Amino acid sequence: MTKQAGEPQWRTSNYTERQDCVELAALDTDSIGIRDSKDPAGPLLSMTRAGFEILIDRIKAGQLDR
């Protein structure tokens, strides 16, 4: 598959050793896309960069642990 100009550049964490994780991409200047690497054609979550930063901060602080 050839990547078209303007398509999101999806990437995974450098810490992942397997291919089953989430991928992130800048969708535009203020939106981040999140998708399942096992289903790249499936649904994706889109959020603002500010919202994504809040999510990451809450994950790092353990606020979303069960």
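View 1. The model is predicted: local features need pLDDT of at least 70, side-chain atom pairs count only at pLDDT 80 or more, and totals for chains, interfaces and linings use all residues. Residues are numbered from 1 along each chain as its sequence is written, and side-chain values use heavy atoms, with hydrogens and water left out.

View 2. The protein chain has one helix and three strands. Helices (H or I, at least four residues) and strands (E, at least two) are DSSP runs, numbered from the N terminus. Of the 66 residues, 17% count as buried. The mean pLDDT, the predictor's confidence in each residue from 0 to 100, is 89 for the chain. In the chain, 89% of residues reach 70 or more. Among the elements, β3 has the highest mean pLDDT (97) and β1 the lowest (95). Where pLDDT is low, predicted coordinates should not be read in detail.

**View 3. Strands β1 and β2 form a hairpin.** Two residues lie between β1 and β2. The strands run antiparallel, joined by six bridges. Two strands pair if DSSP finds at least two bridges between them. Asp-28 has Ser-31 of β2 as its bridge partner. Val-22 stands opposite Asp-36 in β2. Asp-36 is partly exposed, with a relative accessible area of 32%. The C-alpha atoms of Asp-36 and Cys-21 are separated by 6.2 Å, although these residues are 15 apart along the chain.

**View 4. Strand β2 also pairs with β3.** Strand β2 covers residues 31-36, and β3 covers residues 44-48. Their pairing is antiparallel, over five bridges. Ile-34 stands opposite Leu-45 in β3. Five of the six residues of β2 are buried, so this strand is largely enclosed by the rest of the structure.

**View 5. The largest pocket has a volume of about 200 Å³.** On a 1 Å grid over the protein atoms alone, a pocket is an open set of points with protein on both sides within 12 Å along at least five of seven lines. Points are where a 1.4 Å probe fits, and lining residues have an atom within 4 Å of a point. Grid points are joined across faces, edges and corners, and the volume is the space filled by probe spheres set on the points. The lining includes Arg-11, Tyr-15, Cys-21, Leu-24 and Ile-34. Strand β1 (residues 22-28) gives the largest share, three residues. By type, the lining has five nonpolar, three polar and two charged residues. Here Ala, Val, Leu, Ile, Met, Phe, Trp, Tyr, Cys and Pro count as nonpolar, Asp, Glu, Lys and Arg as charged, and the others, Gly among them, as polar.

**View 6. Helix α1 spans residues 49-60.** The helix has 12 residues. Its expected span is 1.5 Å times one less than its number of residues. That should give 16 Å, and the end C-alpha atoms are 16 Å apart, which agrees. Just after α1, Gly-62 takes a positive phi of about 75 degrees.

Note on methods:
Buried means under 20% relative accessible area, exposed over 50%, partly exposed in between (1.4 Å probe, protein chains only).
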